[in-house]
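Biologist: Please take a close look at one interface and describe it in detail. I would like the cut-off behind each term as you go.

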Number of protein chains: 2
Amino acid sequence: MSHLNAEIIAIGDEMISGARIDTNTAWLSRRLAELGVDVHYHSTVGDTLSHNTDAFRIAVRRADIVIATGGLGPTRDDLTREAIAESLGRPLQLDEASLKHIESMFSVRGRDMPERNRCQAMFPLGASPIFNPQGTAPGVDAAATRADGTASRIFALPGVPDEMKTMFDASVAPAILSLNHAGRHIRHSVMKFFGIGESDMEERLGDMIDRSRQPRVGITVSSATISLRISAMADTVAECDSMIASTRKEILDRVGDLYFGDGEKFEQQHAVEAMLKERQQRLVVIELGNAAPLGDWLAALGDSPVIAGGLSLADSGELARFTRQPIRPTSADAEGSDQDTRYEDCFRVVREHFNADWVLLVDRYPDLTAVDGRVTPAVPVTFQVSGPNGQIVSRESRLGGHPSIVHPRIAKAALMLLRNELKQSAS
Amino acid sequence: MSHLNAEIIAIGDEMISGARIDTNTAWLSRRLAELGVDVHYHSTVGDTLSHNTDAFRIAVRRADIVIATGGLGPTRDDLTREAIAESLGRPLQLDEASLKHIESMFSVRGRDMPERNRCQAMFPLGASPIFNPQGTAPGVDAAATRADGTASRIFALPGVPDEMKTMFDASVAPAILSLNHAGRHIRHSVMKFFGIGESDMEERLGDMIDRSRQPRVGITVSSATISLRISAMADTVAECDSMIASTRKEILDRVGDLYFGDGEKFEQQHAVEAMLKERQQRLVVIELGNAAPLGDWLAALGDSPVIAGGLSLADSGELARFTRQPIRPTSADAEGSDQDTRYEDCFRVVREHFNADWVLLVDRYPDLTAVDGRVTPAVPVTFQVSGPNGQIVSRESRLGGHPSIVHPRIAKAALMLLRNELKQSAS
């Protein structure tokens, strides 16, 4: 298998000035890796022609595949077409079919195409347009030949992430696949995990995350949730799917205890929602202390009849005041164990108020206002789950880390406990 | 004033593979602009020596100042020291003072320095260390001379954002200032605004945001909150401060109606908290529908006695059920006006339950589960504020936009209404 390498160029003053964080490049890097392409360089330039031309010249020299994003709009700041033409030493010329497409995009909205949009139909000699179903700006696909006779291929896409991603998947990925692995297919599957750090995950997966493995298993982490993206390449789609199925099985053998579902956007709350729907039961969350992310996450599930609501209060004293119930005396031994019944009366009242079957309590999110960016030490947090039978399961955990993930991590640990209890209850 | 230009190089496999989004580079770009330095290029490379060397060689050729982040750790993946040495054609040599500092960082933790950390005291010939108060890895400050006799200067910093930022502000910024504007001082002030789009803000500020203005006014937007960062450069700190004061006044003349406070991390909830503390009054928020960010934001203020809590429910029917109060009949005319009293009874009960003086209601956050990345049309949202006197102020707004900011924008619009009502109440 030949190994192509790539450079990604992000174009725009808003990026070079630091006003906007570029997320297109990271997305493209992950996609290219799945296509078996090694990304060696990322470059960013502003809307200055000489910098753009310089970037394309260097990229064509050192990369087999050059993917650019941005600079394809109709204004005089949009210089990508010109920069490619100049770096390749070719003139720009009008593509009639692209011009017709752009005109038609305006006419469906009942408008005439402004003259300035005409430039979006200009292409470096020999280049072809990349179809853009969502916007007016077509992309540019240009083949270059280096002094030594070897080839480089430029794909320029719009900077708008939705348009860029659609065009990459629809046009650029198949073109790269046919450059690199003609006639082959590629398929993906994303599995989600919670309850372990990234390095422990890597250790348990061992050689499964080797870059050379087929299917490839890529690992990404977002606020303590781990995604494994499996990418299989084969001669038929069926072969891809069967490779993915056996890799999934192998992954579940190693880390199945931490698995909670499939799909890039699938989170633990979606798993909880599905289990509650199956049981036709409703959940309320009580969040004490200095955060209340679960109330927000659960509300965001959409108009879900199984989410009864969320309650955020400063501490257990306020919970007692709110419910007008005593906090029951609990022995120190029982704290954080299943004998910890201190909130039993409070839960009864909250359950009635919210018309809920399940109560999930987080006691309590730590105060991070004084932390100012530094890693926070692990603090003990109590999680309690009470199901329809009224019994209480209590756990104490010590959770710390970078302040930006401490609160979400605590919320996710609470959801993990709830999932386990839901699993054990009859559906 | 001479205009220096810069290139920023981010180093690390986690960046080039797309596993992690690089935020250091954008931060550095903004800081460099404040120092009067034009950033022309960003580059990213993985932990591969030849790519690193190539990146430094190109950067030294085209940039007056080269700032690199990452690759300074003690493992064999950390190649920045070696890459700089190789790109400059100089050997690495041990710096005794740095070695002693690294050893002392270990000894205060009661440990011996592992042998592998010794490489962190190696510097290209002629380079000097940049002091790192927070970690073991010192940075590298290396002057380079190009073939044509002109100079370029490399500053290599760790990739850990907190360490990088501290070292940049403490050591690199003064060094650049003395390169560029010897003997001059620079001071900053950040003002925060809400209630207007970025382009409208730019229009109202007019020539104030010109890059060549002194003091410079930089604009950044985060989830509909606008920050203006004023950077003044002058011969004395007092002169900087007086320039900042007059620019602040000019800004307030143009957009003072939208201003809510000062400081990078200051948000509207901090302004609300301060006003409540002044009045010794407590606030509860009721969030209906498909989000509940305010409960989370207010809880995160720290152990604040003025935050009584948050309540998240699906809709007004659930609020009526929860409070066991009727929703009062309201004429269609009165909806969203100050005659809209439909929740008056509900508010009374919620106020009692939470022991609160102020109630803020959002009715309701839209369901974005079906949106899938597309810009959502503006939907009507009702905001209600009820103060200690029990009177209700109601507003209806239509808010839409990119799905990632629709919910926070609605929450922020609610806080803006609350701020206005707090302002009008006696403190």
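**The chain A and chain B interface**

Modeller: The side chains of A:R282 and B:E318 form a salt bridge, N to O, at 2.9 Å (a side-chain nitrogen of Lys or Arg within 4 Å of a carboxyl oxygen of Asp or Glu). This is a predicted model, in which local features need pLDDT of at least 70 and side-chain atom pairs count only at pLDDT 80 or more, while totals for chains, interfaces and linings use all residues. Residues are numbered from 1 along each chain as its sequence is written, chains are lettered from A and ligands numbered from 1 in the order in which they are written, and side-chain values use heavy atoms, with hydrogens and water left out.

Between chain A and chain B the count is six salt bridges. The same interface has 35 residue pairs in polar contact, both residues at pLDDT 80 or more (N or O atoms within 3.5 Å; within protein, one must be able to donate a hydrogen and the other to accept it, and residues adjacent in sequence count only if both atoms are side-chain atoms). On the side of chain A that touches chain B, strand 2 (residues 38-45) of chain A gives the most, with seven residues (helices, H or I, of at least four residues and strands, E, of at least two are DSSP runs numbered from the N terminus). By class, that side of chain A has 20 nonpolar, 24 polar and 20 charged residues (Ala, Val, Leu, Ile, Met, Phe, Trp, Tyr, Cys and Pro are nonpolar; Asp, Glu, Lys and Arg are charged; the others, Gly among them, are polar).

Strand 2 of chain A runs antiparallel to strand 2 (residues 38-45) of chain B, and five bridges join them (two strands pair if DSSP finds at least two bridges between them). Within this pairing, A:S43 stands opposite B:S43.

In terms of contact (heavy atoms within 4.5 Å), 64 residues of chain A meet 62 residues of chain B. The two chains bury about 4900 Å² between them, with 45% of it from carbon and sulfur atoms (the accessible area, 1.4 Å probe, that two parts lose on being put together, summed over both). A:I16, A:H42 and A:H353 supply 12% of the area that chain A buries against chain B, more than any other three residues.

For context, an interface inside chain A can be described in the same terms. Chain A is assigned domain 1 (5-180), domain 2 (185-262) and domain 3 (268-424) (bounds from an automatic or database domain assignment). The C-alpha centres of domain 1 and domain 2 of chain A are 31 Å apart, and their contact takes seven residues from domain 1 of chain A and eight from domain 2 of chain A. These two domains of chain A bury about 610 Å², 60% of it on carbon and sulfur atoms. On the domain 1 side, A:A33, A:E34 and A:L177 lose the most area to domain 2 of chain A, together 70% of what that side buries.

One salt bridge is counted between domain 1 and domain 2 of chain A. A:E34 forms a salt bridge with A:R229, with the closest N and O atoms 2.2 Å apart. Helix 2 (residues 24-34) of chain A provides four residues, the largest share of the side of domain 1 that touches domain 2 of chain A.
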